[in-house]
Amino acid sequence: MLAIEARARPTWERVVGLVGYFDLDPNRALDIILDVFSTHLATHYTFFLALLSCSPWAARSKVAVEDMMNV
């Protein structure tokens, strides 16, 4: 779990950097992340949940996300 969060944080920082550098629409970036998430749902769902928990779109309670990841 900690290893996944350790990979998700730098990935999120890279996404934010690309959005800022290229002046991209943040909502479109989220749309692309969710599209990739839906493609790799069965194999990499824990990474994408950790990635989204780093974002401003995260759930208010991290407990709910951690409960979903421990299922």
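Which residues in the largest nonpolar core touch the most other members?

Reply: Keep in mind that this is a predicted model. The residues that touch the most other members are Ala8, Trp12, Ile33, Phe47, Phe48 and Leu51. They belong to a core of 13 residues, the largest nonpolar core.

The chain has four helices and zero strands. Read along the sequence, its pattern is α-α-α-α. There are 71 residues, and 27% of them are buried. Take the contacts between residues at least 6 apart in sequence: 48% of these join residues at least 24 apart.

Pick out Leu51, one of the core residues named above. Set aside its neighbours within four places in sequence. Leu51 is then in contact with Ala8, Thr11, Trp12 and Ile33. Three of these names, Ala8, Trp12 and Ile33, were also in the list of core residues that touch the most other members.

Next, look at how two of the helices meet. The axes of α2 and α3 come within 7 Å. They cross at roughly 150 degrees. An angle over 145 counts as roughly antiparallel, so α2 is roughly antiparallel to α3. On the α2 side, the contact is made by Leu30, Ile33, Leu34, Val36, Phe37, Ser38 and Thr39. On the α3 side, it is made by Leu41, Tyr45, Phe48, Leu49, Leu51 and Leu52. Sort the residues of this contact by type, and you get eleven nonpolar, two polar and no charged.

Is Ser38 buried, exposed or partly exposed? Its relative accessibility is 48%, so Ser38 counts as partly exposed. A polar atom of its side chain lies 2.7 Å from the backbone oxygen of Asp35. Now compare Ser38 with Phe48. They are ten residues apart in sequence. In space, they are 9.6 Å apart, C-alpha to C-alpha.

Ser53 lies in helix α3. Its relative accessibility is 17%. Buried means under 20%, so Ser53 counts as buried. The side chain of Ser53 reaches the backbone oxygen of Ala50 at 2.7 Å. Ser55 is placed in the loop between α3 and α4 (62–69). Ser55 is buried too, with a relative accessible area of 7%. Its side chain reaches the backbone oxygen of Leu52 at 2.7 Å.

Asp23 lies in the loop between α1 and α2. At 69% relative accessibility, Asp23 counts as exposed. Its phi is near 55 degrees. That is a positive value in a residue other than glycine.

Methods: Residues numbered from 1 in each chain as written. Predicted model: local features only at pLDDT ≥ 70, side-chain atom pairs only at ≥ 80, totals over all residues. Heavy atoms only, no water. Core = buried A, V, L, I, M, F, W, Y, C linked by side-chain atoms within 4.5 Å. Buried < 20%, exposed > 50% of the residue type's maximum accessible area, 1.4 Å probe, protein only. Contact = heavy atoms within 4.5 Å. Axes fitted to C-alpha atoms, helices over the stretch in contact; angles between N-to-C directions. Parallel < 35°, antiparallel > 145°, perpendicular 65-115°, else oblique. Nonpolar A, V, L, I, M, F, W, Y, C, P; charged D, E, K, R; others polar. Polar contact = N/O pair within 3.5 Å; in protein donor to acceptor, adjacent residues only side chain to side chain.
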